[in-house]
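Colleague: I have the file open and want a quick tour. Can you take me through it?

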Amino acid sequence: MQIDLERYKRQLSIKAIGKHGQQKLFNAKVLVCGAGGLGGPALIYLAAAGIGSIGLCDFDVIEQSNLNRQILYNHADIRKQKAYIAKEKLEKFNPDVKVETYSEKLTEENASDIFKNYDVVIDAVDNFQSRYLINAAAYRSSITIVCGAVCEFEGILTVAVPKENTSCFQCIYPIKPSSELTSKTFGILGAIAGTIGSMQALEAIKFILGLHCLKNKVLIFNGIENTYRIRSISKRKDCPICK
Amino acid sequence: MIDVKINGENKKLEDKINIADFLKNNNIDPIEVTVEHNSEIVNQENITKVILEEGDTLEILRFVGGG
């Protein structure tokens, strides 16, 4: 497909992108798991950047209590399927982008079948169970994972690249928490989710362009102090996923 | 008093303390977080055994919310 030079003019002029990089973005396939507070801004910036194929996986419907942070949706969308509304909005936002939706719950059984169609998966889910599932399925399919999370005024972000044998989410959280923790348990501020979701899109874009990304590292954003910390994460020798 | 670095900030603690007690004193439920002590992730079963000492660093990582 011919690149729309006018639409992407302001990023084509970035030395690390140019027409060649823009073509890479158009050829890329990115899956976003969770179209909520993190996934919404990630999806918008992926579409804006001209990622050619975007998948979005979410089985939830829009609730009123989502609207403090889930900026893809508005009051009129309440009780509608997130995947359907997100697809409609993204395709209007950038008609160059092909959007595929998966409105069923992600499971051990369907994850590998879905993931095999993508280069990168953005983990924007709200519970530990899904994070472990995404991490394992992405390693099985050898696709890069951009994992993000938020809690109150703090955000956290890391990238795992199976093809480069990097550390993974399970190196950070080797033991699954015994009780189920979700964003329903913790407070989330929309602007913090927006910051981390945008950074997840940025990490995916940088990975596709072959630029530096947060491999073997964790970035922690403190929205109160306005600070970022970056910590190195060693690969665990006994990690059952990325060993 | 001992000097330690918690989440990138210099802090003074009254005395050496194990990580489980440190988290408890700061109202952090250990199941919500993973902790990195001197650049090593500490397994949950060891958080009562690992002691914060002079010059140590502790990072508390919380990969929870998203939606």
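Modeller: Keep in mind that this is a predicted model. The contact between the chains takes 32 residues from chain A and 18 residues from chain B.

Colleague: Which strands of chain A each supply at least two residues of the side that touches chain B?

Modeller: They are β5 (144–151), β6 (154–160), β7 (217–222) and β8 (227–232) of chain A. β5(A) gives the most to that side, with five residues.

Colleague: And by class, what is on that side of chain A?

Modeller: The side of chain A that touches chain B has 18 nonpolar, nine polar and five charged residues.

Colleague: Back to β5(A). How many of its residues are buried?

Modeller: Eight of the eight, so β5(A) is largely enclosed by the rest of the structure. A:Thr144, A:Val146, A:Gly148 and A:Val150 point one way from the strand, A:Ile145, A:Cys147, A:Ala149 and A:Cys151 point the other way, and all are buried.

Colleague: β5(A) and β6(A): parallel or antiparallel?

Modeller: Antiparallel, with seven bridges joining β5(A) to β6(A). One pairing to look at is A:Gly148, whose bridge partner in β6(A) is A:Leu157. The two strands form a hairpin with two residues between them, and A:Glu152 in the turn has a positive phi of about 50°.

Colleague: What about β4 and β5(A), how do they run?

Modeller: Strand β4 (residues 120–123) of chain A runs parallel to β5(A), and four bridges join them. A:Val120 has A:Thr144 as its bridge partner in β5(A). With helix α6 (residues 128–141) of chain A, β4(A) and β5(A) make a right-handed β-α-β unit.

Colleague: Changing topic. Which residues touch the most other members of the largest nonpolar core?

Modeller: Of its 80 residues, those are A:Val30, A:Val32, A:Leu43, A:Ile54, A:Val121 and A:Ile122. α8(A) gives the most to this core, with ten residues.

Colleague: What does A:Ile122 touch?

Modeller: Leaving out residues up to four places away in sequence, its contacts include A:Val30, A:Val32, A:Val146, A:Gln200 and A:Ala204. There is also a second, separate core of five residues, which includes B:Ile19, B:Phe22, B:Val35 and B:Leu52.

Colleague: Where does A:Cys57 lie?

Modeller: In strand β2 (residues 53–57) of chain A. A:Cys57 counts as buried because it has 29 C-beta neighbours inside 10 Å, where 20 or more are required.

Colleague: How are A:Cys57 and A:Cys33 separated?

Modeller: Their C-alpha atoms are separated by 4.8 Å, and the two residues are 24 residues apart along the chain. Not counting residues up to four places away in sequence, A:Cys57 touches A:Cys33, as well as A:Leu31, A:Tyr102, A:Leu106 and A:Ile114.

Colleague: Which residues of helix α5 of chain A are buried?

Modeller: In α5 (residues 108–115) of chain A they are A:Ala111, A:Ile114 and A:Phe115. Seen down the axis, they fall within an arc of 90°, so they line one face of the helix. On the other side of α5(A), A:Glu109 and A:Asp113 are exposed.

Colleague: What covers the buried residues of α5(A)?

Modeller: The cover includes β1 (29–33), β2, β3 (98–102), β4 and α6 of chain A.

Colleague: Last one, α2 of chain A. Which residues are buried there?

Modeller: In α2 (residues 18–27) of chain A, A:Gly21, A:Gln22, A:Leu25 and A:Phe26 are buried. They cover an arc of only 145° around the axis, which puts them on the same side of α2(A). They pack against α1 (9–12), α3 (39–49) and α8 (190–209) of chain A.

Notes
Residues are numbered from 1 along each chain as its sequence is written. Chains are lettered from A and ligands numbered from 1 in the order in which they are written. This is a predicted model: local features need pLDDT of at least 70, side-chain atom pairs count only at pLDDT 80 or more; totals for chains, interfaces and linings use all residues. A residue is buried if 20 or more other C-beta atoms lie within 10 Å of its own, exposed if 12 or fewer, and partly exposed in between; C-beta atoms are placed from the backbone. The arc is that of the directions from the helix axis to the C-beta atoms. Two residues are in contact if their C-beta atoms, placed from the backbone, lie within 7 Å. Ala, Val, Leu, Ile, Met, Phe, Trp, Tyr, Cys and Pro count as nonpolar, Asp, Glu, Lys and Arg as charged, and the others, Gly among them, as polar. Two strands pair if DSSP finds at least two bridges between them. A crossover is right-handed if, with the strands pointing away from the viewer, the path from the first strand over the helix to the second runs clockwise. A nonpolar core is a set of buried Ala, Val, Leu, Ile, Met, Phe, Trp, Tyr and Cys residues joined through C-beta atoms within 7 Å.
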